[in-house]
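Reader: Please take me through the aromatic pairs in this structure.

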Amino acid sequence: MPSSDARLLLSAVVPTAAVGAIATVISGIVAGGKGAIGAVLGTLVVLLFMGIGMLVLQRTAKKLPQLFQAMGLLLYTTQLLVLFVFLALLKGTTVFDFKAFAFTLLAATVVWVAAQARAYMKAKIAYVEPEKTGSKS
C-alpha cells in the first residue's frame, strides 16, 4: 500500500477508534457491560466495513479509473445491504445492548466520513498530469 493511501486510511481510522473508545466508556457507564460490548462491536463494524470499502475503492481507482464511480456506488449499496442484514440478525440479541451498538455505529460512521473528507481535502493529490519541462517536442 503506497504511503499516501496508508496516510488517508490512518487519518480516518484514528478518529473513529477514538470515538469508539469514548462511546465504549459512555455505554459502559450508562448500560453496563453489555453496553460496552455493544459499543466495541459497533466500532469494529464501522472500522471493518469502511476500511475494506476504502481499500477496494483505492485499488479500483488505480487499476480501473473508468469504473471508479460505478464501483463506489455498488460498494456503498452493498455495504448498506449487508449492514441491514447484519442488524436484522442481531436485533433480538441479548449478548450486548443493541441501542449502544446502534448509536456507536452511527457516531463512528459520521466521524469516519468527516475524517475521510478532511483527509482528502488536505491531501495534495494531483488530478492533472503536470506538463513535462525541458523536453523538446
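This is a predicted model: local features need pLDDT of at least 70, side-chain atom pairs count only at pLDDT 80 or more; totals for chains, interfaces and linings use all residues.

Author: Residues are numbered from 1 along each chain as its sequence is written, and side-chain values use heavy atoms, leaving out hydrogens and water.

Reader: How many aromatic pairs does the count come to?

Author: Rings of Phe, Tyr and Trp (its six-membered ring) pair if their centres lie within 6.5 Å; planes under 30 degrees apart are stacked, over 60 edge-to-face, and the rest tilted. By this rule, the count of aromatic pairs is three.

Reader: Which parts of the chain does the pair of Phe-86 and Phe-101 link?

Author: The two rings form a tilted pair, 6.2 Å centre to centre with 50 degrees between the planes. Helices (H or I, at least four residues) are DSSP runs numbered from the N terminus. The partners are 15 residues apart, linking distant parts of the chain: Phe-86 in helix H2 (residues 68-90) and Phe-101 in helix H3 (residues 98-122).

Reader: Is Phe-101 buried or exposed?

Author: Buried means under 20% relative accessible area, exposed over 50%, and partly exposed in between (1.4 Å probe, protein chains only). Phe-86, at 33%, is partly exposed. Phe-101 has a relative accessible area of 0%, so Phe-101 is buried.

Reader: What is the centre to centre distance between Phe-98 and Phe-101?

Author: Phe-98 and Phe-101 are separated by about one helical turn because they are three residues apart in helix H3. Their pair is tilted, with 35 degrees between the planes and a centre to centre distance of 5.9 Å.

How values were computed. Helices (H or I, at least four residues) and strands (E, at least two) are DSSP runs, numbered from the N terminus.
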